[in-house]
Every structure is written in C-alpha cells, then in structure tokens.
Amino acid sequence: MTIKERFYKVYQAIPERIPHVEGVRDLAMHWARLKGLDPAGLEAAAYYHDLTKYDPLAFHFDVFDAHQKANWKSLPEFMMHGYSASLLAEDDGLSKSLVDAIKYHTTGRAQMSLEEKILMLADKIEPSRPYEEAAQLRSIAETDFEKAFRLMLAHLYEYDIEHDRLNAYSLETYTHYLKERMAE
Ligand SMILES: [Fe+2]
C-alpha cells in the first residue's frame with residue numbers, strides 16, 4: 001500500500017480533515033519544486049504528517065515502546081502525533097530530513113532543514129486554514145520563503161502569548177528564528 005492509499009484509508013473516518021492534508025501536500029510539493037527538492041518526498045511527508053493525529057494516547061505509547069522511544073511518552077500530548085508518524089515514516093524508509101520534517105512539524109525547532117520548514121509552513125498556511133494572514137503569507141512565500149516562514153512563526157508566537165499557551169518546544173523555535181522580536 002502506498003502512503004497515499006494508507007492516508008485515504010485512515011481518513012475515511014475523518015473526511016472533513018482531507019482538504020487540510022491535501023492542501024499541505026499541494027503547497028509542500030509546490031515549494032519543493034521551486035527550491036529544487038524532490039516533490040515526491042514532500043508529498044509523502046505531507047500524507048504522513050497527521051496520519052496518527054486522531055489516534056488515542058495508547059496508540060502513540062505503543063509506537064514509542066515498539067521503537068525504544070519510551071522517553072517520548074513525556075512529550076506534550078499535542079506533539080505526539082508528529083513523533084509517532086515520524087517513526088512510521090522511518091520504518092517505511094523515508095529519508096532522515098523527511099522523517100524530521102514529520103517529527104517537528106507541530107512546533108518546529110532551532111536550525112530546521114528546508115524540508116522541515118516547508119512542511120511546517122505548509123501545515124500552518126495551506127488554503128483551508130481560516131485565518132486571513134494565511135493567504136498573505138502564501139503570497140509572500142512565492143518571492144521570499146524565509147520571510148514567510150519567520151512571519152508565520154511571529155504570528156504563532158503572538159497567538160501563543162495571547163492564549164497563554166506558549167510551550168518550551170515552540171519557544172526554542174521562536175527564540176532561534178525571531179531573535180529581534182523576542183528581545184523586545
Ligand atoms: Fe496538519
């Protein structure tokens with residue numbers, strides 16, 4: 001079974017979430033082409049990125065245990081799907097940069113590869129995302145991908161502060177990429 005077939009099998013139960021993942025796929029493949037990366041790799045990563053998002057906690061724990069990653073059980077729960085999906089992708093032979101893109105897509109991290117940035121930005125601003133900045137950021141990304149990536153992080157940072165939900169993992173990313181803003 002290809003990852004696309006597997007994705008559609010899992011998402012039969014949650015068809016309302018298909019447009020999000022297809023939006024991530026289209027955008028990630030588009031930027032991969034612009035940047036000279038393999039679009040098929042980013043396509044696969046897009047189909048993996050939320051593959052386990054609707055699985056229960058016990059599922060993630062089983063995957064972590066089966067891969068000797070018991071320490072990942074202490075991650076914040078909202079991040080676990082990226083980590084468990086990254087292990088499934090690794091089992092299926094995806095490259096390390098794609099596996100990391102899946103793993104870190106929720107919060108990012110310091111010193112991200114281009115694959116990691118592409119998947120994270122696509123996840124946050126694909127066309128079915130409802131906030132108005134998403135369209136603006138997609139247009140900025142056409143000419144200045146790095147600028148769009150940083151503006152997306154700035155937007156998330158403000159949202160996290162406003163909603164009092166800043167976590168240590170996102171903070172690492174913000175601190176790395178938004179140095180000047182964070183110093184304010
Ligand atoms: Fe997503």
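At what angle do α7 and α9 pack, and how far apart are their axes? The structure is a predicted model, in which local features need pLDDT of at least 70, side-chain atom pairs count only at pLDDT 80 or more, and totals for chains, interfaces and linings use all residues. Residues are numbered from 1 along each chain as its sequence is written.

The angle between α7 and α9 is about 55°, and their axes lie 10 Å apart; axes are lines fitted to C-alpha atoms, for helices over the stretch in contact, with angles running from 0 to 180 degrees between N-to-C directions. K117, L121, K124 and I125 of α7 meet A148, F149 and M152 of α9, contact requiring C-beta atoms, placed from the backbone, within 7 Å.

L121 also belongs to the largest nonpolar core, which has 39 residues; L121 is among those touching the most other members, together with A28, A45, A46, I102 and L119. Such a core is a set of buried Ala, Val, Leu, Ile, Met, Phe, Trp, Tyr and Cys residues joined through C-beta atoms within 7 Å, where buried means that 20 or more other C-beta atoms lie within 10 Å of a residue's own. Elements giving two or more residues to this core include α3 (39–49), α7 (114–125) and α9 (145–162). The most, seven residues, come from α2.

Leaving aside residues up to four places away in sequence, A28 touches L42, E43, A45, A46, I118, L119 and A122. Among the buried residues of α3 are L42, A45 and A46, and the cover over the buried residues of α3 includes α1 (3–10), α2, α5, α6 and α7.

Notes:
A residue is buried if 20 or more other C-beta atoms lie within 10 Å of its own, exposed if 12 or fewer, and partly exposed in between; C-beta atoms are placed from the backbone. Helices (H or I, at least four residues) and strands (E, at least two) are DSSP runs, numbered from the N terminus. Two residues are in contact if their C-beta atoms, placed from the backbone, lie within 7 Å.
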